[in-house]
Amino acid sequence: MLWIRIFEFPSKILTMFFSRIKVLILICVLGGLGISCDRSPQFSEPLPKVVDFNFHVKPILVQNCYLCHGPDPSSRKAELRLDTYEGATAALKEGGHAIVPGKTSKSHMVQRIYNEDPGMVMPPPETNLKLTEREKALLNKWIDQGAEWKDHWSFIKPETKIALSDPKAIDFIIEKKLDEKGLEKVPLANKNSLIRRVSYLLTGLPPNPKEVQEFLSDTSSVAYEKLVDRYLNSPAYGERWARHWMDLVRYAETKGHEFDYAITGAWKYRDYLIRAFNEDVPYDQFLKEHIAGDLLPTTRENKETGVSESRLGTTFYVMGEGTHSPVDVRQDEADRIDNMIDVTTKTFQGLTVSCAKCHDHKFDPITAADYYALYGVMESTRFSPVPADVGKDKKLAAKEIENLNSYMRKLVAGKWDTAKSNYENTDYAQNTAVNTNEKAYTVIGDFRGRDFDGWTSDGFAFGQRSTLGNPIVDMATGKLLGLDEGKASSRAIGMGIFGALRSPNIILDKDFVGVRALGNNSSIRIIIDNFQLIQNPIYGGIDKKVNTGEWNNFVFNVSAWKGRKAYIEILPGVYERHKYNLQEDAFIEAQYAVTYDGEWPSDLEKNFTTQQPQDNWASLEISPSKVTRINNDLKKGKLPPHFPELKSVLDSSQQLAKSLKTESFVNGIYDGYGIDSPVFNRGNYKEPSEEHIPRRFLSVLSLGDSVFKSEGSGRMELAEVMLNEDNPLTSRVMVNRIWHHLFGRGIVETVDNFGLQGKLPSHPELLDYLAVKFQKEGWSVKKLIRAIVTSETFKRSTLKSDALANADPNNIYLAYFPVRRLEAEAIRDGILAVSESLDSTMYGTPVATHLTAFMQGRGRPGKSGPLNGEGRRSIYMEVRRNFLEPMMTTFDRPIPFSTFGSRNVTNVPSQSLILMNDPLVAQQAEIMAGKLMEKGLVGFEEKVQWIYMQAFSRLASSKELKKASDFFEMLRTMEEKEAGNENQEMELWKEYCHSIFNLKEFIYLI
Amino acid sequence: MGHHHNTEPRVISRREMLGLSAGGFGSLALMSLFGTMPLGCKRPGALESASNLYLGPHYLPKAKNVIFLYMDGGVSQVDSFDPKPRLAKENGEDPRKKFKVDATQFDNVGKILKSPWDFKQYGECGMPVSDLFPHIATCVDDIALIRSMVSNFPEHTNANYFLHTGSGLQGRPSMGAWMNYGLGSENKNIPGYVVLDGGLVPPGGLDNFKNGFLPASYQASVFKAGPEPVANINPREGVKNLQEEKLQFIKQLDHSLIGKIGEADAVESAISNYELAYKMQSSIPELTEFKEETEATKKLYGMDSDDPNLRGYASQCILARRLIERGVRFVELTCPNVGPGVDRWDQHSNLKKGHEKNAHAVDQPIAGLLKDLKSRGLLEETLVVWTGEFGRTPFAQGSDGRDHNPSAFSMWMAGAGVKGGTIFGKTDEYGYRVIENEVTVHDLHATIMHLLGIDHKQLTFRFGGRDMRLTDVHGNVVKDILT
């Protein structure tokens, strides 16, 4: 079925010869008669003057050829690849060339596609693929014109010749294309439609009637621009655009799977997004905060609270599904990382890198090595509770406490300076590192020296060094009780403060992990393959609570996970049903950690295993043995013990420590130790390659070859390469998303796929213009939106002639504005706004999900939330993975498992049933009728007009008024048949309002 | 993007699209619009677009409908359909001395545990069935039993997702959604994929029944016993005919909107959806009231039982029959909650009590269903599938329970295209692992689709840069159990 067949079956060569003649004849005929001779309707459009590789040829190759002659070598046939110029023009091993530029008669490809012999024709009949005559003619003409090869369009850096500041640029490009296509643009929409359109698309809410009146009566030339600015500056703008973003990052507040555990503080990320869009944080900063917000050298602070915003961005990594007690913890990690790669690459680069998990991408130049380069980045990223209230103040306070500790050591050392010489000859025996190589144990960390032995101290609690030599002072008298022994202590800074001490990655090769520790309300956890949902069954034994005032040996049996990657985590606070709690009295201290077989290695208690740097008396940076001798001498009265001046220092330190307490956490990430992953053959971790792929970006993109040098995950470098000015995707993908949200369709329709299988841009010139503008003008989302919505293209009416509708049925060329159904949130929020029961309170913990009888299963909350969601906007409704709001999903809010830049717009009866029968809609109609009664409106007409202004931002026509009055009349006759209703008037208006919610004009932007 | 339209494999006029989207559940009438289209004409490299539409079977189907009896929690194969005398002989011995024991989810490996139930042979075929299922045992000549099922996952949720969607992770379309995407529904007034919630939503939640990346119209409609069998199906208007009048009023205004904006397919479809929704309001309650059912039929299913769980499941089985009679493509029944103290079929302890309570609730209704279908001639066109998400260990968890075992379990099919009285596949002498003719969940999906006339390799949907399939890149039809 392949190229090679020609040579496998020599008898066919003859056939080929004849068919070649046929090809030539066909070409002659085409040349002579022109294309009009073809009866196929597809031929009605003339071939382009210049056949472009990206826009005309490659779609044909991708669809018909690449499965066997594409980038993936595992499925490549006849050693021929048609995805590169070199491959397509290389000598076929049997002689000849698939493509000879400029020479159609010598190009085997031409011979094969025109061949009529089923054994010879390409693509082979059994693939069910068939080229149309036009496709064949395009390929032929392209080869004839020299077969110019280009990189995939989206991998070429965008450029524009149009002045970035040109206010007419968008209309210019759109209208040029309309002219080319002979399409006539429609007039601009009326002001009522415009304000409704702008209000809904920028804020997700209908305009209130007062705003409509103001706009209608504002006759100034900039009335529309003022309107746009008003909505861009409305807090509701951030709520609308944050929700768009949440679709990309599979936003959810629980982890789904069996018990639907909470994702602590997810809503803080939602609030972060709302603030970021409202403040118009430049997109490059926004991207950096997502990819590496925990690693930025300077962070962005909340203007009001001073709390650092940047780190909250990284929460998106944690939004995935979480498995309850997976038996194969390594597979669980692979699945988790796959989802992280999938979401990260689709969201920021519009590429489906996850397709390269099992083999090189079938269509895009993305290799399995690219996938595993990113796999290493994600594997080196660890999870952690992250305090959500850390700002500059806290960082300064923590630093100050460390300074005070150091000052206290210096003060003591200074006072004892004369005794210094007594300790110069201290025996170092106790201080010598013990060689543990031949023992049945390996020391993973020993904190009895001055440092943390290579472990990472995250947060504030542990400070940056051990407690060795810290003065212990009686607060009442100022008497020095002694110098502290060496240990890692979360009390070093203060109690109830967040911090975590974590080991480097180890490979488990012994039966037990042991940690010598004491503490209160604290935990030691063994994190295997970054698995966090530690609990019974299976994992209960690797999370131990520490509640003991005496040194204790904590033993973890890890024999089930030999060969697995793991690290040890020591932290104050405990996890309860996977929610991290840090109590005020929580602290933990540890001396050392070890892995061992058999008995606990008791000799370790006496033998330190860490090499210490040189002593420095002036700052009391001294060895453990010196500390012991000094303490003995102090007891014997050989050293002066009174340091009243330490009292005030300690006091300040304790005051500062109070400010470091945190109760507000998010499930977040922090940077681990760099791991390069092997390639997993066919995606199976049990079949790793020998070679490990260094962490880097996608090799097809600029700087994709440069290996990340960071000792951690390399996410900072990842953010940098995405933002490199030569990256062709970052800006294009984002401006296209914005265009999509405003017009309902992207310039590239497949907003999450800019690869070879994605759609081509309808207006490449426009996409590039916007991408360059966005990049050069400070990555401002608001500015870009403003530029788009103030164009005439955006302001056009939806009303079009049948002829226009038929000429461009999908409205690709935007001669008119597309009619769009509102999104789930906009429908619900619109109902609340129109009935005047919307509570516009922003931010905060989510409103509990309203549970219907149909929402059952494990993890179901004990209590249902209110039917009306407390009147809050939909973005504040809880998103429980296993209990998704039926109204939201029915109106196409995506299930949060992957990136959805473009929602489906379905049309199903359950949508009608919601609007007809759902108690929420009925309730809101009643509320609206009640509000109407309170307005003091006298006439029937006045009331109907109030409702029309509320619901449709316009007045009812006389015909609509007549219909309304007929409706009421009919209702009255019906009601009379029923027994007298006390509140009849109100009841009738309720039915009318309910009907209004059911009108298509209510859920469509007209 | 004009140049692209030229490469689309087929052009659907906008009017046809309109009809299609207004079909709601997709209907045969609409399928015929595309009936001339060669199947499999969608190109592997086709660009992501509306051309994902797929309609009609690939070849002559044996089955029109599927009733999927989901045994939530995992029935023990060695206590139901796969007798293992050796367990009795070695009862109480250490399994680790007999064979390699895999990691289990509860890691509490006890002794080898013999089945508390006896097995007897039934029917002409002589298929052995344990005393747990005396009623189903009377139907064995219609049943093709597979004893060599394996799953990829020992955890409920992954295994549930896997069984329902072909992937262990959240977010893929359920098989019922795939079948409807592939074949459409034959009834415009009832959804084509219905889940009868008997009380237990399986771990993983309603996502087991979702549409994943397929359009939302393919997700399951969940029916519940009680006055409101489907969400929002009951009109709220207190006054008779009031809703009709309102809908008339709405329709008039909606039509004048069309006049204002010119042709707008989406809006027109939304208007016609109201008619469909309106009809559902009467067609669904009619379905769930069993007015036409005779006492004899009800009794056959066990509606006269003292066990409320049995009665509940019986009424679900009757409803399932009524649904497929009306052309519903795929009906799944979830299990009744037989607690307290018994959590689905998931007997980590107290195997005897738990399995007995569960079996008692479902045995007679299932047998009743098979017999009723048969007597009405419906079994010929209906595939009945009975399975859990995995099996259980032949050794005890603790002293009297069994842990999850994905390495072997039994399931059966009956009805359309299935060879009754067949036993396929074999486990080792302990019933712990499959040793012959292993059948994967992908194979099961491929087989179900095959019986419905669908080639599982051809039914694809483009998502995230790939042509997705229910069977991913796997799946072989289990031909040996087919007629």
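**Ground rules.** I am working with a predicted model, where local features need pLDDT of at least 70, side-chain atom pairs count only at pLDDT 80 or more, and totals for chains, interfaces and linings use all residues. Residues are numbered from 1 along each chain as its sequence is written, and chains are lettered from A and ligands numbered from 1 in the order in which they are written.

**Chain B against chain A.** I looked up the contact between the chains, counting two residues as in contact if their C-beta atoms, placed from the backbone, lie within 7 Å. On this count, 79 residues of chain B touch 92 residues of chain A. Among the elements of chain B that give two or more residues to this side are helix 5 (156-165), helix 7 (242-261) and helix 8 (265-288). Helices (H or I, at least four residues) and strands (E, at least two) are DSSP runs, numbered from the N terminus. I sorted the chain B side by class: 35 nonpolar, 29 polar and 15 charged residues. Here Ala, Val, Leu, Ile, Met, Phe, Trp, Tyr, Cys and Pro count as nonpolar, Asp, Glu, Lys and Arg as charged, and the others, Gly among them, as polar.

**Chain B overall.** I found 12 helices and 19 strands in chain B. Of its 483 residues, 59% are buried (20 or more other C-beta atoms within 10 Å of the residue's own; 12 or fewer is exposed, in between is partly exposed; C-beta atoms are placed from the backbone).

**Domains 2 and 3 of chain A.** The bounds come from an automatic or database domain assignment. Domain 2 is 166-183 + 728-820, and domain 3 is 281-387 + 671-727. Their centres, taken over C-alpha atoms, are 30 Å apart. Each of the two domains gives 15 residues to the contact. On the domain 2 side, helix 21 (residues 730-743) gives the most, with 3 residues.

**Helices 7 and 8 of chain B.** Which way do helix 7 and helix 8 of chain B run relative to each other? They pack at about 165°, with axes 10 Å apart. Axes are lines fitted to C-alpha atoms, for helices over the stretch in contact, and angles run from 0 to 180 degrees between N-to-C directions. Helix 7 and helix 8 of chain B are therefore roughly antiparallel (under 35 degrees is roughly parallel, over 145 roughly antiparallel, 65 to 115 roughly perpendicular, the rest oblique). Residues that meet here include B:Leu247 and B:Lys251 in helix 7 and B:Val267 and B:Glu268 in helix 8. The contact has 7 nonpolar, no polar and 3 charged residues.

**Helices 3 and 7 of chain A.** Helix 3 (residues 53-64) and helix 7 (residues 133-144) of chain A pack at about 125°, axes 10 Å apart. That makes helix 3 of chain A oblique to helix 7 of chain A. A:Phe53, A:His56, A:Val57 and A:Ile60 meet A:Glu135, A:Leu138, A:Leu139 and A:Trp142.

**Backbone.** Most residues other than glycine have a negative phi, and most peptide bonds are trans. I noted a cis bond from A:Met122 to A:Pro123, omega near -10°. A:Pro123 sits in the loop between helix 6 (108-113) and helix 7 of chain A. The bond from A:Asn536 to A:Pro537 is cis, with omega near -10°. A:His578 has a positive phi, near 70°. A:His578 is partly exposed, with 18 other C-beta atoms within 10 Å.
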